[in-house]
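Biologist: I have a structure open and I'd like to learn how to read it. Could you walk me through some features?

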Amino acid sequence: MAFYTDDSPIIACSTGMSSNTAISVIRLSGFDNLFSLQNYFSFNLNKVTKRTSHLSNILNIDQVLDNILFVFFPEGESYTGENVLELSVHGNLLNVQRILDLFTKNAGFRSAHPGEFTYRALKNKKLSLSQVEGLDMLLNANSTLMLSQGLDILQGDLHAQYLALYNSYLSLKAAVEISIDFSEDVGTEETQKLFTDSFNNFYQLISSLKSRTEGNISSLLSPEIVLVGQTNAGKSSLFNLLLKHNRSIVSDIAGTTRDYVSELVHIEGINFKLVDTAGVRESKDVIENIGIERAMDILSRAFYKILIVNPFETNADYLAKFSQIEFDILIISHSDKPDFQSNLNRIDFSFIKTHFLAKSSFLTNKSGSIEPLEIFGPMGPALLFNGPIEPLNISGPIEPVEPMSHGPIEPLLKSLIIKKFQILSANNPILQERHRAIVNKIYLKSSRFANDFKDIDDAAILSSEVNILGHDLAELVGILSPDDVLNSIFSNFCIGK
Amino acid sequence: MNNSFDILIIGGGHAGSEAAWISSQFNLRVGLISGPGASLASTPCNPAIGGVGKGQVVREIDALGGMMGVVADKAGIQFRTLNESKGFAVQSTRVQVDKELYTQYAEELLIGCTNLTIIREMVISVKRTALGFDILSSGGTTISSSRVIITTGTFLAGNLHTGEEQTLGGRVDCERSVGLNDLLSEIKTLPNRFKTGTPPRIDKKTINFSVMDPQDSDDSTRNFHSLSHSFSRTTRQVSCYLTRTNSETLSIIRANKERSPIFNGQIKGVGPRYCPSIEDKAFRYTEKDVHHVFIEPEGLNLETIYPNGVSTSLPKEIQQTFIRTIRGLEKAEILVHGYAVEYDVVDTSELSRQMEYENIPGLYFAGQVCGTSGYEEAAGQGIIAGINASLSFLGREPLILDRNDSYIGVMIEDLVSNKRDEPYRLFTARSENRLYVREDNTILRMNKYRKHLGLTTKLDFFQESILEEVEILEKLIDSTMFYAVEENKQHFITQNYGNLESNISLKELLRRPNLNPVTVLEKECLRMGAIFNLDVIRTVAIAAKYEGYIDRAIIESEKINRMSKKKINWSEIIESKNISFECKLRIKQIRPETFGQLQRIDGIRPATLAYVAGNLI
């Protein structure tokens with residue numbers, strides 16, 4: 001982090017140096033005065049209008065290096081808070097390098113370190129710490145959800161909520177201090193009320209932030225649809241069915257475990273990874289056990305969990321292994337076979353938790369499909385499902401209920417998956433790991449506090465506890481954060497951002 | 001008259017008296033020059049000593065060997081423990097004093113010092129000389145001294161306001177002194193003068209006390225002075241009373257906004273937000289009409305009553321009208337009208353933590369002239385200025401109090417590390433270490449500072465013996481075990497100590513929630529036949545109770561503020577162009593040495609902190 005101590009002018013190509021492009025943008029920041037750079041511009045820099053594009057040649061003594069557009073952002077009105085020049089140059093890598101060299105060798109600039117422009121913006125209060133993290137998210141997003149939240153933090157919405165929390169905390173702290181230093185002036189009852197009111201307000205704000213950290217966020221960032229079930233249950237058929245119309249253009253998935261068959265599917269603008277745990281299943285018991293462990297692992301981070309059960313070939317021990325998992329849907333296949341109901345009644349489903357239950361026939365066709373189906377939802381017809389998502393505990397044999405919907409399975413499943421995704425992302429989850437951790441820490445402390453404070457008759461202890469809460473808050477709002485936070489944030493940046 | 005002193009104090013209020021008293025303990029030649037009309041150590045406003053946070057200061061002064069606690073105990077006519085139900089750490093003593101007796105006892109103490117000369121004259125100017133200072137007095141004499149302590153309170157260019165009436169003076173019926181810059185032109189004053197105010201005094205005979213809530217003196221409140229018996233009283237005790245303002249009171253004030261000097265622009269000085277006048281309350285809290293008014297006697301033989309809470313500078317006839325709307329004051333006659341006073345304040349960021357003006361060695365400041373309010377704050381600075389002027393004269397190391405173990409330390413660091421923009425008062429909230437900086441452990445906290453003075457009096461031997469007793473009792477509670485046997489189990493049940501399931505130490509018992517550690521330890525000492533000073537038992541019991549919380553608070557704040565102790569180089573920081581002009585100015589004025597001090601400067605931007613923090617990594 002050596003660059004923290006150095007305020008010298010910096011330069012970098014902000015658009016990356018990986019290939020030749022039509023245009024590259026070079027950013028210069030922290031120079032004392034624009035006119036000191038006159039030697040390198042054919043344009044008369046005395047005539048520069050701030051925040052306006054000007055056409056100029058870039059000069060190295062008498063040699064014209066390039067014909068460029070440049071914009072000058074004066075100190076206080078720029079991204080970094082310092083004097084900034086942005087040059088739009090021709091994006092040939094040799095050309096870009098030559099212009100960078102011109103400034104580093106002759107004009108006292110040095111190459112910017114990763115994240116240095118943004119660090120200067122933070123230093124000069126052009127961005128808050130949270131906003132810097134938002135920017136990081138925006139620039140490094142690998143999902144549309146991250147993209148939109150990055151923008152949200154950057155534009156200050158989430159940051160405004162943090163500030164509201166911080167302000168509410170300040171009133172809470174003030175209430176405690178008033179009860180100690182001014183209770184004679186204000187009156188004991190009133191100070192008590194002030195404290196209770198401000199704590200309730202604070203608790204409400206932190207609870208609502210906390211609700212935005214709930215759920216498995218990684219499952220939203222790279223959502224996986226996971227199929228589990230025994231051999232011949234119909235997993236592969238369902239896999240192929242879902243894949244058939246929705247195969248993503250992107251076919252290569254980084255980090256896929258070889259044991260699984262997986263493909264990217266594209267449903268209503270969102271990329272899901274469809275995983276068939278078939279690949280781990282073998283008839284040998286030992287291997288099946290290893291397979292189940294792996295299935296458990298992938299289930300733990302899955303976004304949508306589908307269990308398929310063939311009532312004609314079901315092993316009760318197998319089902320029992322999933323007692324800790326909440327499935328999104330349980331599909332019971334082969335419902336068109338004779339003796340379906342009697343076989344179904346034979347199975348103990350009491351271990352299984354699922355939000356939906358579907359019975360589907362198993363009709364093999366060319367593409368391998370299981371349909372049509374009947375679907376049962378705990379909250380009314382599946383298509384009208386609008387959350388909240390509550391687990392449904394099935395105990396005992398499944399009673400056939402009034403079929404709520406008939407039809408092909410594929411559009412139904414897709415709509416359930418999308419609904420769930422919309423509900424979870426509508427809650428506007430906080431994606432930044434540091435924020436999630438601190439919000440949860442504050443929430444935990446406050447709920448402990450909510451339980452305890454009625455019993456704390458010692459105002460000094462109360463105040464000491466409130467102070468401790470405040471340390472975490474300052475960390476969230478980024479007023480003063482431990483140095484390692486800065487380290488980790490800035491190590492994620494690339495040159496020139 | 002001897003015209004040459006080792007230490008000369010200008011001003012005889014609480015700061016000046018305390019400075020003179022402690023300096024005289026060092027056997028130096030001390031002079032105290034005070035205006036002819038003004039009594040020494042007088043209480044011109046609220047006739048009370050102590051209060052939340054301030055009670056701790058009085059005890060700190062007492063442990064250093066000061067006079068305030070001694071005088072307050074003797075002149076005390078109503079003793080109370082504030083925040084009694086809020087936990088030991090924030091409990092504070094407050095004593096209503098008979099203002100005549102207070103001054104009388106203080107003057108007796110000072111006059112009794114044979115090496116202290118009291119000069120009743122005004123000061124015209126202070127000149128620097130090769131050997132120190134020459135002070136020209138109103139009597140035409142020149143007094144020289146190598147160390148000068150200025151404790152002029154509100155007297156420097158003081159202006160009094162009552163409605164449209166303006167008079168020049170330091171307080172009612174007292175001549176003011178010249179402005180600070182006329183005294184010594186090199187001294188930097190704050191650009192904004194400060195303002196404070198006082199309520200009208202009411203004739204005791206015209207008050208109907210029967211409709212007010214009485215507040216009696218509390219027998220169980222401890223005296224300030226550590227060498228006195230804790231609960232002895234030398235003066236007859238009386239009650240204070242509580243009444244309240246109402247909508248009629250406030251509507252009269254609100255209807256006369258244009259006649260209020262603070263709101264019509266006549267007064268430009270900045271008043272304290274924490275001690276608002278009734279006008280402030282009326283216009284700042286427009287939805288609130290009911291405010292407490294404490295009816296406090298000014299003395300056993302005085303006819304005047306101090307109505308605490310209705311400080312005002314409104315015209316006299318309006319004061320009379322609104323006072324009579326208050327329950328119990330319907331027939332009240334005003335004997336002295338309320339007024340506000342504006343005065344010069346020295347820029348305390350020019351002072352060192354020894355209260356010495358950095359650019360003028362040998363010149364010290366203390367008290368209200370430093371922008372504080374309150375007798376205790378003034379006395380606290382006075383004793384530190386007196387001690388350091390004396391130590392400096394004797395060529396010894398200065399005494400610097402740490403903010404972590406004393407409220408005086410908190411106050412002085414706050415003063416010298418900042419430019420004040422309003423009068424400064426101590427609150428417990430100003431201390432980061434409130435669980436430790438308590439009244440009960442004052443001797444433990446202050447003994448090392450008292451030792452630094454190198455004096456050997458009864459007080460020093462007493463403090464040593466208390467420290468020894470504390471050490472013994474601390475070992476005892478650590479080593480005394482309650483084994484989980486039937487006899488002890490039974491004992492726990494009869495005493496309501498809760499269950500005894502496994503062996504615990506006496507210390508662990510003291511930490512149990514919902515137990516009063518002090519009464520438990522008293523009982524257990526008695527049971528063991530161990531005789532300890534009751535104040536020692538109290539200190540040790542409370543310390544045991546808080547120990548865990550204090551450790552936790554320290555760990556938590558260390559975690560976050562581990563940077564605050566890092567040294568910074570302010571002169572390098574202000575060279576950076578990444579810091580705003582305004583911040584640079586502030587840093588230049590304050591010259592912070594650590595990151596923590598930088599953080600505490602008002603108006604330092606987060607960006608500056610982030611920048612400096614970045615540089616510390």
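Predicted model: local features only at pLDDT ≥ 70, side-chain atom pairs only at ≥ 80, totals over all residues.

Biologist: What share of chain A counts as buried?

Modeller: Buried means 20 or more other C-beta atoms within 10 Å of a residue's own, again placed from the backbone (exposed is 12 or fewer, partly exposed in between). In chain A, 39% of the 497 residues qualify as buried.

Biologist: How many helices and strands are there in chain A?

Modeller: Helices (H or I, at least four residues) and strands (E, at least two) are DSSP runs, numbered from the N terminus. Chain A has 16 helices and 15 strands.

Biologist: Now chain B. What is the strand order in the open sheet of six strands?

Modeller: Strands pair if DSSP finds at least two bridges between them. The order in chain B is E14-E15-E16-E17-E13-E18, with antiparallel pairing. Strands E14 (213-215) and E18 (334-336) are the edges, each pairing on one side only. E14(B) is joined to E15(B) (residues 240-244) by three bridges, and B:Gln215 has B:Cys240 as its bridge partner.

Biologist: And the hairpin of E10(B) and E11(B): which residue takes a positive phi?

Modeller: B:Gly163, near 55°, in a hairpin with two residues between the strands. Four bridges link E10 (residues 159-162) and E11 (residues 165-168) of chain B, which run antiparallel. There, B:Asn159 is bridged to B:Leu168.

Biologist: How are H9(B) and H10(B) placed, parallel or perpendicular to each other?

Modeller: Axes are lines fitted to C-alpha atoms, for helices over the stretch in contact, with angles from 0 to 180 degrees between N-to-C directions. Under 35 degrees is roughly parallel, over 145 roughly antiparallel, 65 to 115 roughly perpendicular, and the rest oblique. The axes of H9 (residues 375-393) and H10 (residues 407-416) of chain B come within 10 Å and cross at roughly 85°, so H9(B) and H10(B) are roughly perpendicular.

Biologist: Which residues meet there?

Modeller: From H9(B), B:Glu377, B:Gly380, B:Gln381 and B:Ile384 meet B:Ile408, B:Met411 and B:Ile412 of H10(B).

Conventions: Residues numbered from 1 in each chain as written. Chains lettered and ligands numbered in written order. Contact = placed C-beta atoms within 7 Å.
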